Amino acid sequence: MGTRPPVTGIDWTVDSVTVDGTTHRAPAHAHVKIEDGRAAGSFGCNQFSATAQITDDQIRLSHTRTTRMACDNARMTFERALARTLTSGPLTMKGEDRKLTLTTAGGDRVQLSRT
């Protein structure tokens with residue numbers, strides 16, 4: 001088991017989400033910050049907050065709450081993919097330089113970078 005990358009207290013920009021082998025670029029303003037057992041940010045349209053549980057190199061987001069704004073189809077499609085991926089179960093964290101990758105058990109990925 002490697003050392004866990006620094007994850008908490010950082011404003012992460014969401015770069016992309018990859019679902020079933022297809023990568024979707026994030027709209028501007030998609031971001032997440034994880035701190036004190038909570039995650040909060042924007043899926044690209046709606047704001048969200050969730051409980052964040054970190055164990056070794058894994059993170060699990062649960063009890064997600066979101067605002068209910070409607071945006072254009074492209075942003076809503078991205079938002080649904082990102083929300084589903086982030087809340088699908090434990091995500092394995094892998095950090096490198098100013099990047100963080102969260103990967104589901106099924107291989108879907110969320111790419112983040114430090115702002």
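Close-up 1. Strand β7 (residues 91-96) runs antiparallel to strand β8 (residues 99-103), and 5 bridges join them. Strands here are DSSP runs of E with at least two residues, helices are runs of H or I with at least four, and both are numbered from the N terminus; two strands pair if DSSP finds at least two bridges between them. Met-93 faces Leu-102 across this pairing. The hairpin of β7 and β8 leaves 2 residues between the strands, and Asp-97 in its turn has a positive phi of about 50 degrees. On to the next pairing: β8 is also joined by 5 bridges to the antiparallel strand β9 (residues 109-114), where Val-110 stands opposite Leu-102. The hairpin of β8 and β9 has 5 residues between its strands, with Gly-107 in the turn at a positive phi of about 100 degrees.

A note on the model: it is predicted, so local features need pLDDT of at least 70 and side-chain atom pairs count only at pLDDT 80 or more, while totals for chains, interfaces and linings use all residues. Residues are numbered from 1 along each chain as its sequence is written, and side-chain values use heavy atoms, with hydrogens and water left out.

**Close-up 2. The nonpolar core.** The largest nonpolar core has 26 residues, and Ile-59, Leu-82, Leu-86, Leu-102, Val-110 and Leu-112 touch the most other members. At least two residues of this core come from each of β1, β3, β5, β6, α1, β7, β8 and β9. Such a core is a set of buried Ala, Val, Leu, Ile, Met, Phe, Trp, Tyr and Cys residues joined through side-chain atoms within 4.5 Å. Buried means under 20% relative accessible area, exposed means over 50%, and partly exposed lies in between (1.4 Å probe, protein chains only). Setting aside residues up to four places away in sequence, Leu-86 touches Phe-43, Leu-61, Leu-91, Leu-102 and Val-110, where contact means heavy atoms within 4.5 Å.

**Close-up 3. An aromatic pair.** The count comes to 1 aromatic pair. Its rings belong to Phe-43 and Phe-48; their centres are 4.2 Å apart and their planes are at 5 degrees, so the pair is stacked. For reference, rings of Phe, Tyr and Trp (its six-membered ring) pair if their centres lie within 6.5 Å, and planes under 30 degrees apart count as stacked, over 60 as edge-to-face and the rest as tilted. Both Phe-43 and Phe-48 are buried.

**Close-up 4. Thr-18 and its contacts.** Thr-18 sits in strand β1 (residues 11-19) and is buried, because its relative accessibility is 5%. Beyond its neighbours within four places in sequence, Thr-18 is in contact with Thr-23, Asp-108 and Arg-109.

Close-up 5. Most residues other than glycine have a negative phi. Asp-36, not a glycine, has a positive phi of about 50 degrees; Asp-36 lies in the loop between β3 (31-35) and β4 (38-42) and counts as exposed at 75% relative accessibility. Asp-56, in the loop between β5 (47-55) and β6 (58-66), has a positive phi of about 55 degrees and is partly exposed at 47% relative accessibility.
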